[in-house]
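Subject: Structure for you to look at

Dear colleague,

Here is the structure I said I would pass on. My notes follow below it.

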Amino acid sequence: MSIARYRGYIIEGFAQPAGNGIFASLGRVRRGRHTVRESDVLGLHERNERAQSEGLSWAQGYVDRLEGPHDG
């Protein structure tokens, strides 16, 4: 799992084993202890790092859509 703070939220990217050396990517957005949104499976990857990265990217995009434009 990869975790980052972004615009007042905690964003997380997950790599869930999907069999045969493949990892499903998932993302989650939290504010404090409250889960704001969890993704469905975003994609399948041969590397868990790539799956985690896709989950983080999804979560960051979700926050951007939720909060509007961000300058820096």
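Ser 25 counts as buried because its relative accessibility is 0%; buried means under 20% relative accessible area, exposed over 50%, and partly exposed in between (1.4 Å probe, protein chains only). Please keep in mind that this is a predicted model, in which local features need pLDDT of at least 70, side-chain atom pairs count only at pLDDT 80 or more, and totals for chains, interfaces and linings use all residues. Residues are numbered from 1 along each chain as its sequence is written, and side-chain values use heavy atoms, with hydrogens and water left out.

On confidence, pLDDT is the predictor's confidence in each residue, from 0 to 100. The protein has an average of 94, and 97% of the residues score at least 70. Confidence is lowest in E1, with a mean of 95, and highest in E3, at 98.

Back to Ser 25, which sits in strand E3 (residues 22-31). Helices (H or I, at least four residues) and strands (E, at least two) are DSSP runs, numbered from the N terminus. The side chain of Ser 25 makes a polar contact with the side chain of Glu 54, at 2.5 Å. A polar contact is a pair of N or O atoms within 3.5 Å; within protein, one must be able to donate a hydrogen and the other to accept it, and residues adjacent in sequence count only if both atoms are side-chain atoms. Neighbours within four places in sequence aside, Ser 25 is in contact (heavy atoms within 4.5 Å) with residues including Phe 14, Asp 40, His 45, Ala 51 and Gly 55.

Helix H1 covers residues 48-67, which is 20 residues, and reaches 29 Å from its first C-alpha to its last, close to the 28 Å expected at 1.5 Å a residue. The expected span is 1.5 Å times one less than the number of residues. Among the buried residues of H1 are Ala 51, Gly 55, Trp 58 and Tyr 62. The cover over the buried residues of H1 includes strands E1 (2-6), E2 (9-19), E3, E4 (34-38) and E5 (43-45). After H1 comes Gly 68, with a positive phi near 90°.

The largest nonpolar core has eight residues: Tyr 6, Tyr 9, Ile 11, Val 29, Trp 58, Ala 59, Tyr 62 and Val 63. E2 and H1 are the elements that give two or more residues to this core, and the largest share, four residues, comes from H1. By nonpolar core I mean a set of buried Ala, Val, Leu, Ile, Met, Phe, Trp, Tyr and Cys residues joined through side-chain atoms within 4.5 Å. Leaving out residues up to four places away in sequence, Tyr 62 touches Val 29, Val 36 and Arg 37.

Now the strands, which pair if DSSP finds at least two bridges between them. E1 and E2 run antiparallel and are joined by five bridges; Ile 3 stands opposite Glu 12 in E2, and Tyr 6 has Tyr 9 as its bridge partner. E2 and E3 also run antiparallel, with nine bridges, and Ile 10 stands opposite Arg 30 in E3.

Both hairpins are worth a look at the turn. The E1 and E2 hairpin has two residues between the strands, and Arg 7 in that loop has a positive phi near 55° without being a glycine. Arg 7 counts as partly exposed because its relative accessibility is 23%. The hairpin of E2 and E3 also has two residues between the strands, and Asn 20 in the turn has a positive phi of about 55°. Asn 20 is exposed, with a relative accessible area of 82%.

Regards
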